[in-house]
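This report goes through a protein model from its overall make-up to single residues. The sequence and the structure come first.

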Amino acid sequence: MSKLLDLHTKFFGKDSNPLPIAIFIGILLPILSWIFEIAKHNSPVRLDALIQLHQNNPALYIADLVPLVFIALVAFTYYRQKTIASDFDEQLSYRDARLQEMAEFAKQIGEGNYSTTLNLASKDDALAQSLLIMRENLLANHKKESEQSWITEGKEIVSDILRTNSKIDELSNKVIHSLVRYVNLVQGALYLYNENRKVLQNVATYAYNRTKFINQEFKLGHGLIGACAYEMEYIYRNEIPDDYVTITSGILGDQKPRSLLLVPLISDEKLQGVLEFASTDKEIPEQSIRFLIELGEIIARTIFNLKVNQRTEQLLHESQKMTAELQENEEQLRQNAEEMRATQEELQKSNEQLEANIQKVENAQKRLYSLLENASEIISIYSENMELTYESPSVIKILGYTPEEMMGGKDMDRLTRKGENAMRQMFKQLLANPGEPVSIQYTYMKKNGQKIFLETTGRNLLKDPAIKGIILNSSDITERKRAEKEERMRSKMQALSENSLDMILRLSTVGQFFYANPVVETYTGIDTKDLINKTLNEVNFVDVLFNYFRDTIAQIKTNPQKTTAEITIPAKIQGKDEDERIMSFNAIPEFNENELETILFVGHDITEAKRIEQEIQDKNRKIEDSINYAQRIQTSILPDNKVIRQDLPKSFIFYRPRDVVSGDFPWYMKKDDNIYIAAVDCTGHGVPGALLSFIGYFLLNNIADHPGEHTASDIIDGLHYAVRKTLKQEDNDAEARDGMDIAFCKINFKKNELQFAGAHRPLYMLRDGELQEFKGDRKAIGGIPHRKKPEKDFTNYVINIQSGDKIFFFSDGLTDQLGGPETKKYSPKRIRENIVENKDLTMDEFNTFFAKDFMAWMGDNKPIDDVLLIGIEF
């Protein structure tokens, strides 16, 4: 039907009505069917004959209805297409109007009217959205161009002032007034930096009370002006101090600025001055701030050039004046030309000598620093409050610390309590008697842990303008102390030799006796006077003693090394024959200019020592039995791994004491819904460590079993103070620094919660292949408290545990064990790498792995400490 209507439109036009044609075609169809039937049956053309034909052929009724149906379809299709066409025309009209509106919007934007608006017909109106975005972009570009134009115009105004003014005072006033007016501020000031006096001087102001502020000055770092100059960075503040200046005018009255901008004037990284601006508005626009900062560089360069020009003009004026004077005295100058040439030559020599002297001074300064650095004593300067203000470089060589590491009170922290008291007493004497030097001696711990003796001489030079302090000269007297001790020992040696209970003889390499102490007669029955200067063959020694001296001399002549031998000789004690005595002889070669000269024989009667040795062996066996018994006691109180596995089935404990008894121990307790487990590392190992472990074990039991809910950190805080109290470490004269490190865990499976607190020990958690470290605090359990620093509580970590999480904690005996190809520590890094690289192992497999890896790493090295490693999988 639509095709028929299209065909009609093609021939008759779109505005013609197809209904008449449809009626004609519709009537023609039944008429043709009637004619066909009449012709077919030769019926007469009458109404009754036509009715009879319809009765004989009912299909003619259908043919009669076809025109009505056809006309109805044509009418429906016609009016439907007409409605669609009308709607289409309306849409075209709307789109034409919309395009016209957008064209007008684009025209307004093109003419610079960015305030014009355009309504969006729908969210899908892409063209309107694009036009709006284009307007915003053009508006932003226009704003930037306007800002840049404004900045450029301001720069031109200021540049014109800078070009047309050659005097700094005039330029400063015009610049500050122009900037304040142009930026629309209410207050401004310009400060120039005086390099000679190291101050900032006010040279131009606006809206200031001149009589009060015209001569205002600021030192570097003082106030906001000084801070801006010192940091060479601009300062912008919205909060103005209460004591800041107020602006006085007939319009504003007395009003304090609400925003403040300070801009440093910097040229070639050198400070030239500071610009100060203030506004009564809450904020200074960012555009104005950027403009003033950019101008600051231009103004700084101009001021620098003007200073140079003024200096040049001054020099030129002086030169012109000198030229005039020279012209006036030209005759005199000619007469003195020869003298001047001679003077010039002398001046040149003087300059060369001066340069040489300058070089000598520089070399002297270098030598002085080198001498200070390599001096045999440390030079320190203190204030009267015992605050270190200077430390010579030689402290690095002598103590191992840098001068910076000695500042801030750290020098006093490294003193013993006795040394600190001596130092304070010396300061009191120096302050009470300034003219008398005071010397003290004390011990000091070097950075490498070596203990040395220092002698310090202090002099009060507080009134000396070059020092202004108390100067201390400290030198290392460790060698002197040792030499004095050796001298004392040497002086005592002779007396000891004469009074010694040992046989002491000195023989030459040919067996001649040079010295024998009185004890020789006691054991041999031969007077020492009958021995001196005689040879071995001339003395009637018993065979065993004779053979020993002869063979030992021959051996040392071949191999000049100290030898030790035990021989049994018959002896006379106090003139009576005694049983055989067991003598331990040391033969010590003595050299003179690297040549063997004499041999010193020292024979010690060890008969009693041998008897005592046997007694000691018996006692050692008893002590060993006691230690083994202590080991059984310690083992009995330690938690059984089977008991732990009932609550923590996926867990292991790798425990390897260094000695029979251990200072490391695992601790375990279950209370209500909470499981407590810890790895404890006591100071030392063996019996001392074991004694501390008993203290730690029972204190932990008492603290954890105390009523109430306690965090992991609460428990080790309680242990910390309990250990101090037990070992009396809080007393002023306490010397016991023993304590313990600990990794402490509190587990609650109902809450899926793990709490951890550590003293020098960390906890590693493996979750989804990633390792997390929870570090313990950098302090131990127990120990002597620091008198000057407040002590913080231990940190409590709270961790939500998930199925599959694995945790590991351990003592430092594991990480500190030396081994491997380079004899290095096992190290926490190796533990972390082993955990991550073997993340899929079970806890039992981890136990086997760490045991094998540790033993392989240690190899033939001796264990240096007890080892404890605990692993748990949730």
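What percentage of the residues in the protein chain are buried? Of the 874 residues, 37% are buried, where buried means under 20% relative accessible area, exposed over 50%, and partly exposed in between (1.4 Å probe, protein chains only).

The model is predicted: local features need pLDDT of at least 70, side-chain atom pairs count only at pLDDT 80 or more, and totals for chains, interfaces and linings use all residues. Residues are numbered from 1 along each chain as its sequence is written, and side-chain values use heavy atoms, with hydrogens and water left out.

## Overall make-up and confidence

The protein chain holds 25 helices and 33 strands; helices (H or I, at least four residues) and strands (E, at least two) are DSSP runs, numbered from the N terminus. Its accessible surface is about 52800 Å², and carbon and sulfur atoms account for 52% of that; the areas come from the Shrake-Rupley method with a 1.4 Å probe, and for residues only the protein chains shown count as cover. A contact means heavy atoms within 4.5 Å. Of the contacts between residues at least 6 apart in sequence, 57% join residues at least 24 apart.

The pLDDT, which is the predictor's confidence in each residue from 0 to 100, has a mean of 81 over the protein chain, with 87% of residues at 70 or more. Confidence is lowest in helix H7 (residues 210–213), with a mean of 43, and highest in strand S30 (residues 806–810), with 96. The stretch 208–213 has pLDDT below 50 and makes 12 contacts beyond near neighbours in sequence. Residues 247–253 also stay under 50, with 11 contacts beyond four places in sequence. Where pLDDT is low, the predicted coordinates should not be read in detail.

## Nonpolar cores

A nonpolar core is a set of buried Ala, Val, Leu, Ile, Met, Phe, Trp, Tyr and Cys residues joined through side-chain atoms within 4.5 Å. The largest one has 30 residues, and Leu179, Leu275, Phe277, Phe291, Leu292 and Ile299 have the most contacts inside it. Two or more residues of this core come from each of helix H5 (126–164), helix H6 (168–183), strand S1 (187–194), strand S7 (259–267), strand S8 (270–279) and helix H9 (286–328). Beyond four places in sequence, the contacts of Leu275 include Leu179, Ala189, Leu262 and Ile299. Another core lies apart from the largest one; it has 29 residues, including Phe665, Met669, Tyr697 and Phe794.

In H19, the buried residues are Thr607, Gln634 and Ile637. Their cover includes strand S19 (581–592), strand S20 (595–605) and helix H21 (686–704).

In H22, the buried residues are Ala712, Ser713, Ile715, Ile716, Asp717, Leu719, His720, Ala722, Val723 and Arg724. The elements covering them include strand S23 (674–682), H21, S24, strand S25 (753–759) and strand S28 (781–782).

Lys728 follows H22 and has a positive phi near 55°. Lys468 sits in the loop between strand S12 (451–461) and strand S13 (469–476) and counts as exposed at 60% relative accessibility.

Pro821 is in the loop between strand S31 (818–819) and strand S32 (824–825) and is exposed, with a relative accessible area of 84%. Between Pro821 and Gly859 there are 9.5 Å, C-alpha to C-alpha, although they are 38 residues apart in sequence.

Thr443, in strand S11 (residues 438–445), counts as buried at 18% relative accessibility. Beyond four places in sequence, Thr443 contacts Thr416, Lys451, Ile452 and Phe453.

Taking a disulfide as a pair of cysteine sulfur atoms within 2.5 Å, the count is zero. Cys228 is buried, at 0% relative accessible area, and Cys745 is buried at 0%.
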